[in-house]
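Please examine the sequence and the three-dimensional structure shown here.

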Amino acid sequence: MISVLCVDDDTEVLNIMSEVLTSKYVVYLATNGNEALKILETHSEISIVLADRYMDGMEGIELLSIIAQKYPTCSRLLVSGYTELVEIIPTIEKGIIHRFIKKPWSMQSLIRTLDSLHKEENIA
């Protein structure tokens, strides 16, 4: 089963993700970047990290940049309600972020994206 780490400072969003995704994935939840990094240290089976763009403390792009360096085989997905593509496109071009999903998103779209990332990961 695919292991996914969802990082968002909105616990309601995390609860919804967990409820929907646990039927298909092993789901880990973190409410901030530091918590996410601690989870990754102890759960090497996590293959996809989904992080919100704006969080208290460490923002999603900063978190995914650290993950790209420390865990380069982990797929990285950024979620945001804002479309500041000027900041996001360079991070995609540099390979820091593999996918960007704009809020609000449908669970079907999120699941398709996670499945697509997993397939790409297995091909590489």
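The model under discussion is a predicted one.

Five strands form an open sheet, in which the order is 2-1-3-4-5 and the pairing is parallel. Strand 2 and strand 5 (99–102) are its edge strands, since each of them pairs on one side only. On average, neighbouring strands of this sheet are turned by 20 degrees against each other, if direction is ignored. Strand 4 (residues 75–80) and strand 5 run parallel and are joined by 4 bridges. Within this region, Val-79 has Ile-101 of strand 5 as its bridge partner.

Consider next helix 2, which spans residues 33–42. Which of its residues are buried? They are Gly-33, Ala-36, Leu-37, Ile-39 and Leu-40. Because these residues cover an arc of only 160 degrees around the axis, they lie on the same side of helix 2. The face turned away from that buried side carries Lys-38, Glu-41 and Thr-42, which are exposed. The cover over the buried residues of helix 2 includes strand 1 (2–7), strand 2 (25–30), strand 3 (46–52) and helix 3 (60–70). At the start of helix 2, the backbone nitrogen of Asn-34 has a side-chain oxygen of Asn-32 within 3.1 Å.

Helix 3 lies across strand 1, strand 3 and strand 4, and it runs at about 180 degrees to strand 4.

Is Thr-113 buried or exposed? The relative accessible area of Thr-113 is 13%, and a residue counts as buried when this value is under 20%; Thr-113 is therefore buried. What does the side chain of Thr-113 reach at 2.9 Å? It is the backbone oxygen of Ser-109. When neighbours within four places in sequence are left aside, Thr-113 is in contact with Leu-77, Arg-99 and Ile-101.

Technical notes
Residues are numbered from 1 along each chain as its sequence is written. This is a predicted model: local features need pLDDT of at least 70, side-chain atom pairs count only at pLDDT 80 or more; totals for chains, interfaces and linings use all residues. Side-chain values use heavy atoms; hydrogens and water are left out. Buried means under 20% relative accessible area, exposed over 50%, partly exposed in between (1.4 Å probe, protein chains only). Helices (H or I, at least four residues) and strands (E, at least two) are DSSP runs, numbered from the N terminus. The arc is that of the directions from the helix axis to the C-beta atoms. Contact means heavy atoms within 4.5 Å. A polar contact is a pair of N or O atoms within 3.5 Å; within protein, one must be able to donate a hydrogen and the other to accept it, and residues adjacent in sequence count only if both atoms are side-chain atoms. Two strands pair if DSSP finds at least two bridges between them. Axes are lines fitted to C-alpha atoms, for helices over the stretch in contact, and angles run from 0 to 180 degrees between N-to-C directions.
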